[in-house]
Amino acid sequence: MIVESSLTETRRIVRAARQQGRSVGCVPTMGALHKGHVSLIENARKDCDFIVATIFINPTQFGPNEDFTRYPRTLDADLELCRAAGADLIFTPPVSAMYAESAQTIVRVTRMAQVLEGAHRPGHFDGVSTVVTKLFNVTEPDRAYFGQKDFQQQLIIRQMVLDLDEPVEIITCPTIREADGLAMSSRNRFLSVDERQRASQLFHTLKLAESLAAESTLTPPEIAQQMTNHLKSVNGIDVQYAVIADSATLECLAERSDFAVALVAAKVGSTRLIDNQILRFR
Ligand code: AMP
């Protein structure tokens with residue numbers, strides 16, 4: 001496994017692999033890797049001949065009051081996980097190599113990036129879509145792997161590559177969870193023992209939505225209200241949203257639909273968590 005911080009060298013290595021006829025899979029991450037990230041690399045390994053994982057804590061996707069400086073940095077352990085999962089190349093550039101002081105360009109997806117996470121984290125998705133475009137330009141992958149955990153993010157990336165004719169296939173991989181259902185996240189390590197217990201209520205809220213969709217005649221807004229009530233009943237959880245939206249457009253659903261996703265965001269103590277679940281209405 002090669003570890004590389006230079007953009008030009010990374011591009012050269014990937015192009016050399018491609019010239020040997022190997023297909024290229026890219027797994028963008030911000031490091032602090034866990035089994036969710038590992039599953040993306042393993043999925044890429046199944047489909048592609050050459051796997052490049054990127055580890056870059058992208059400053060432009062953090063708001064001024066968010067946790068950029070505090071974001072966990074665990075490069076040595078990350079490299080071990082990448083090696084074990086079968087990555088061929090790790091691209092881990094410094095911020096200065098990704099963003100020149102003279103840079104003036106952002107990539108912005110419009111409507112879909114303004115709701116939910118976009119509404120609570122202004123500018124977040126501009127940072128995401130810009131950095132992912134840059135990572136794709138350096139690694140030129142055939143396929144790129146994203147987690148369903150960040151449901152809105154993978155939709156936005158899909159929209160972006162469609163709109164910009166970027167020649168990469170986006171693959172969305174299932175959310176990997178802890179034993180009690182909590183979605184794995186680099187931020188879970190910030191939870192105290194108490195908060196960690198409460199955090200699994202995000203998952204239980206989604207399970208509630210899943211069973212109400214499958215077994216009751218409630219409408220999406222009525223189910224969303226039950227989700228909110230459930231989360232609000234837990235001390236120490238600050239609900240940011242609990243909604244049922246169209247799984248292709250993210251518009252909130254008024255009526256039952258074959259394309260529905262329940263999405264939640266909540267602060268548990270000072271740690272902000274998100275999760276989602278595809279719904280099947282009966
Ligand atoms: P991050 O390092 O948090 O930016 O995440 C990098 C990639 O890993 C994104 O595509 C995430 O959606 C994905 N990811 C994060 N957590 C999980 C998880 N629990 N299961 C599956 N994929 C995940």
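Select E117 and R272 to begin, and you will find a salt bridge between them, with the closest N and O atoms 2.7 Å apart; the term stands for a side-chain nitrogen of Lys or Arg within 4 Å of a carboxyl oxygen of Asp or Glu. Side chains of opposite charge can pair when their charged atoms come close. What you have open is a predicted model, in which local features need pLDDT of at least 70 and side-chain atom pairs count only at pLDDT 80 or more, while totals for chains, interfaces and linings use all residues. Residues are numbered from 1 along each chain as its sequence is written, and side-chain values use heavy atoms, with hydrogens and water left out.

Next, colour residues 2–173 as domain 1 and residues 186–279 as domain 2, bounds that come from an automatic or database domain assignment. The centres of domain 1 and domain 2, taken over C-alpha atoms, are 26 Å apart. To their contact (heavy atoms within 4.5 Å), domain 1 brings 22 residues and domain 2 brings 19 residues.

How much area is buried between domain 1 and domain 2? The value is about 1900 Å², and carbon and sulfur atoms give 56% of it; buried area here is the accessible area (1.4 Å probe) that two parts lose on being put together, summed over both.

Stay between the two domains, where the count is 2 salt bridges. Now select helix 5 (117–120) and helix 7 (151–163), each of which supplies at least two residues of the side of domain 1 that touches domain 2; helices are DSSP runs (H or I, at least four residues), numbered from the N terminus. Helix 7 gives the largest share of that side, 3 residues.

At G147, a polar backbone atom lies 3.0 Å from an oxygen atom of the ligand, whereas at M184 a polar backbone atom lies 2.9 Å from a nitrogen atom of the ligand.

For the last stop, select R83 and E80, which form a salt bridge with the closest N and O atoms 3.3 Å apart. Both residues lie in helix 3 (residues 75–85), and R83 and E80 are 3 residues apart, about one turn of the helix. The structure holds 14 salt bridges.

Key:
A polar contact is a pair of N or O atoms within 3.5 Å; within protein, one must be able to donate a hydrogen and the other to accept it, and residues adjacent in sequence count only if both atoms are side-chain atoms.
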